[in-house]
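The following paragraphs lead through selected features of one protein model. Please keep the sequence and the coordinates in view while reading.

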Amino acid sequence: MATQRKSPTGTPGRRVALDGILVALAMIFSYMETFIPFNFGVPGIKLGLANLVVLLGLTFLPAVDVLLISLVRIFLSSLLFGNVMSLWYSLAGGLLSFVAMYLLSRRDDVSLIGMSMTGGVLHNVGQVITAAIVVKTLQLTGYLPVLLVAGLVTGAIIGTLAKLLMPRVQKALQSYV
């Protein structure tokens, strides 16, 4: 998995354009996800379709681009589809997940599925930590076992999708350059 990430674009303008396209794609995935009934009896569990963009982006873009894509998507999605509290939960989960997946992407012995599963679990951990701070109680950690399983399952699904999409993404990037 550890590869040198060179921007697939030749100019700064093309790089900004590609980043903008990926933000839009991640937002479309976030919106589409609102129509997919996916839960384990615990409110707030989502599949994490927008994470496809982050996961695949970590394989071919500079990490700073992927981080910015993720942050812009979180801010815009919270503004359009959520509220201030959803922003904080999404930021906490998204940042923790991103850092873990970035570190794992630098290793040769971790697959996209493993990266995604780790990201899914840590996204949920970040949100529970934020919720515990907001409501000032550790009782929320009782949800962690269910959320950890949910993170593993959704991470495996998104990681498998990323693995299946990778050849198409590589082909598209070759024609883009």
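A residue is called buried under 20% relative accessible area, exposed over 50%, and partly exposed in between, with a 1.4 Å probe and protein chains only. Helices (H or I, at least four residues) and strands (E, at least two) are DSSP runs, numbered from the N terminus. The model is a predicted one, in which local features need pLDDT of at least 70 and side-chain atom pairs count only at pLDDT 80 or more, while totals for chains, interfaces and linings use all residues. Residues are numbered from 1 along each chain as its sequence is written, and side-chain values use heavy atoms, with hydrogens and water left out.

Rolling a probe the size of a water molecule over the atoms shows where empty space is left. On a 1 Å grid over the protein atoms alone, a pocket is an open set of points where a 1.4 Å probe fits, with protein on both sides within 12 Å along at least five of seven lines; lining residues have an atom within 4 Å of a point. Grid points are joined across faces, edges and corners, and a volume is the space filled by probe spheres set on the points. The second largest pocket holds about 280 Å³ of space. It is lined by 16 residues, of which Leu22, Leu25, Leu56, Phe60 and Val169 are the closest to its centre. Two or more lining residues are supplied by each of α1 (12-33), α2 (51-60) and α6 (144-176), and the largest share, 6 residues, belongs to α6. By class, the lining comprises 14 nonpolar, 1 polar and 1 charged residues; here Ala, Val, Leu, Ile, Met, Phe, Trp, Tyr, Cys and Pro count as nonpolar, Asp, Glu, Lys and Arg as charged, and the others, Gly among them, as polar.

The discussion now turns to charged pairs. Side chains of opposite charge can pair when their charged atoms come close. With a salt bridge taken as a side-chain nitrogen of Lys or Arg within 4 Å of a carboxyl oxygen of Asp or Glu, a search of the whole structure finds 2 salt bridges. In one of them, the closest N and O atoms of Arg15 and Asp65 are 2.4 Å apart. Arg15 lies in helix α1 and Asp65 in helix α3, so this pair ties together parts that are 50 residues apart in sequence. Arg15 is partly exposed at 30% relative accessibility, whereas Asp65 is buried at 3%. The other salt bridge joins Asp109 and Arg107, with 2.6 Å between the closest N and O atoms. Asp109 is exposed at 56%, and Arg107 is partly exposed at 41%.

Helix α3 (residues 63-81) also gives the largest share, 5 residues, of a nonpolar surface patch. Phe81, a residue of helix α3, belongs to this patch together with Tyr31, Phe35, Val72, Leu76, Leu79 and Leu80. Phe81 has a relative accessible area of 40%, so it counts as partly exposed.

One backbone feature remains. Most residues other than glycine have a negative phi. Lys136, however, has a positive phi near 60°. Lys136 is located in the loop between α5 (112-135) and α6, and is exposed, with a relative accessible area of 74%.

Technical notes
Patches are made of residues with over 30% relative accessible area and no salt bridge: like charges are joined within 9 Å, nonpolar side chains (Val, Leu, Ile, Met, Phe, Trp, Tyr) within 5 Å. Accessible areas come from the Shrake-Rupley method with a 1.4 Å probe; for residues, only the protein chains shown count as cover.
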